[in-house]
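Please open the structure in your viewer and keep the selection panel at hand. The tour below says what to select at each stop and what is there.

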Amino acid sequence: MKTLNVLGSTGSIGLNTLQVARENPSLFCVSGLAAGSKSELLEQQIREFSPKAVYLADEKGALGISSIFGKKLKVFTGLQGLREFSMFVEADILMAATTGTGSLVSVLDALGGGKKVALANKEILVVAGDLILSALKSNPSAVLVPVDSEHSAIFQCLQGSNQKYLDKIILTGSGGPLREISAEKFSSLKKEDVINHPKWKMGKKISVDSATLMNKGLEMIEAACLFGLPVDRIEVLIHPEAVIHSMVEFCDGSVLAQLGVTDMKLPIQYAMTYPDRVPVTASRRLDFSQIQEMHFALPDRKKFPCLDLAYAAARQSGSAPCVLSAADDVAVGAYLDDRIRFIQIPGIIEKVLSSHRTVPSPSLDDIQSIHDWATKETVKLCQAY
Ligand SMILES: NC(=O)c1ccc[n+]([C@@H]2O[C@H](COP(=O)([O-])OP(=O)(O)OC[C@H]3O[C@@H](n4cnc5c(N)ncnc54)[C@H](OP(=O)(O)O)[C@@H]3O)[C@@H](O)[C@H]2O)c1
């Protein structure tokens, strides 16, 4: 029985994580739940899982939770609260599934303390990949297992001694909701068209990133960091059926792929049970008789300029991916709030990137101040539009 702390329990990954815990009561005991603002959903989760502590970023909501559960439950809130909460819970497994960068310090603490981190939160790996890797290396008991389906696929293909022969990563992606829509129509897109991903049901931010292909760019940066390859040996390949979740090519030309149904519960469960595996029902298994064809194509980089912006930031390395991620976060938020148009997202990110002078090996303090700077710059640009 492992104790589990879920950061982002009310989100898409968080809900799937709790479903895996619900289905495996002899393996996981939920000891912490953290959310942003959905106090009613958090309240239901508290009643079901009886954690020893919770965190809610929204202070009013946290007060409400406190008054409902009284002394039986420790409730944390406020800017510093998430770190204090994670230290208090001290779970065997930390599921990092918030959006943004708020969970970075909790992840560094957990790895430094020799815990297992199941990492869904891609922003923190993009922004502070080197710091996360050094925290991982600082404690031989620490384990980092990626949750993103692509990185889980690569991680699974590289078990055993495979990593030393790795030549290339082939990062597959369905192409997102706009794959078949011409660029001329992008200016008149409705938000539903942008958010409705054809294969995966996800939170709004990552859904917009999938439509711009920024998500693939962020995943490429994550993969370079997690698997230690230069970005130019990470190829993005469009595979609309999303049956193959990614591939690795070895020095002898052999290619290994990981396949599975498009259900995030599978990579989530693998991260939670790693290095073991737990059986699943037929509905979560591939039925090859139903797969008529599989297609592959290179991405249209003109139509989706965010992909090249991510490659450029990754080549610059240092603080550039931090600026990319912060600018994307704000620009996508502004689009979701109807303050800018979909087609303006790449231009805004490019402007912020081009006005930043890269810091080669940023410290945690550098990252925090560069992230703040990029956030403010992007807010200003979005206001100007
Ligand atoms: N969804 C996917 O299939 C998928 C796949 C791969 C990777 N990822 C990555 O996983 C992360 C989560 O994605 P998602 O799709 O699950 O996002 P989501 O549905 O938007 O959920 C985000 C979660 O973070 C919580 N949160 C937001 N701000 C917070 C704060 N300040 N403190 C504590 N919790 C906070 C939210 O709480 P409230 O809802 O209560 O505000 C919610 O529980 C992202 O980094 C994403 O890129 C997601």
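Begin by selecting the ligand together with its surroundings, where 30 residues form the shell, the closest being Gly8, Gly11, Gly36, Met202 and Gly203; a residue belongs here if its C-beta atom, placed from the backbone, lies within 6 Å of the ligand. This is a predicted model, in which local features need pLDDT of at least 70 and side-chain atom pairs count only at pLDDT 80 or more, while totals for chains, interfaces and linings use all residues. Residues are numbered from 1 along each chain as its sequence is written.

Within that shell, colour helix H1 (12–23), strand E2 (28–35), helix H6 (122–138) and helix H9 (204–212), each of which supplies at least two residues; the names refer to DSSP runs numbered from the N terminus, with helices (H or I) of at least four residues and strands (E) of at least two. The largest share, 3 residues, comes from H1. By class the shell divides into 11 nonpolar, 14 polar and 5 charged residues, where Ala, Val, Leu, Ile, Met, Phe, Trp, Tyr, Cys and Pro count as nonpolar, Asp, Glu, Lys and Arg as charged, and the others, Gly among them, as polar.

Next, select domain 1 (2–146) and domain 2 (160–262 + 295–384) in two colours, bearing in mind that such bounds come from an automatic or database domain assignment. Both domains give residues to the shell around the ligand, so the ligand lies between them. Their C-alpha centres are 25 Å apart, and their contact takes 16 residues from domain 1 and 18 residues from domain 2, with contact meaning that the C-beta atoms of two residues, placed from the backbone, lie within 7 Å. On the side of domain 1 that touches domain 2, the largest share, 10 residues, comes from H6.

Now select H10 and helix H12 (residues 306–316), whose axes come within 7 Å and cross at roughly 25°; axes are lines fitted to C-alpha atoms, for helices over the stretch in contact, and angles run from 0 to 180 degrees between N-to-C directions. That makes H10 roughly parallel to H12, a description used for angles under 35 degrees. To see where the helices meet, show residues including Met214, Leu218 and Ile221 in H10 and Leu307, Tyr311 and Ala314 in H12. This contact has 11 nonpolar, 1 polar and 1 charged residues.

Terms used:
Angles under 35 degrees count as roughly parallel, over 145 as roughly antiparallel, 65 to 115 as roughly perpendicular and the rest as oblique.
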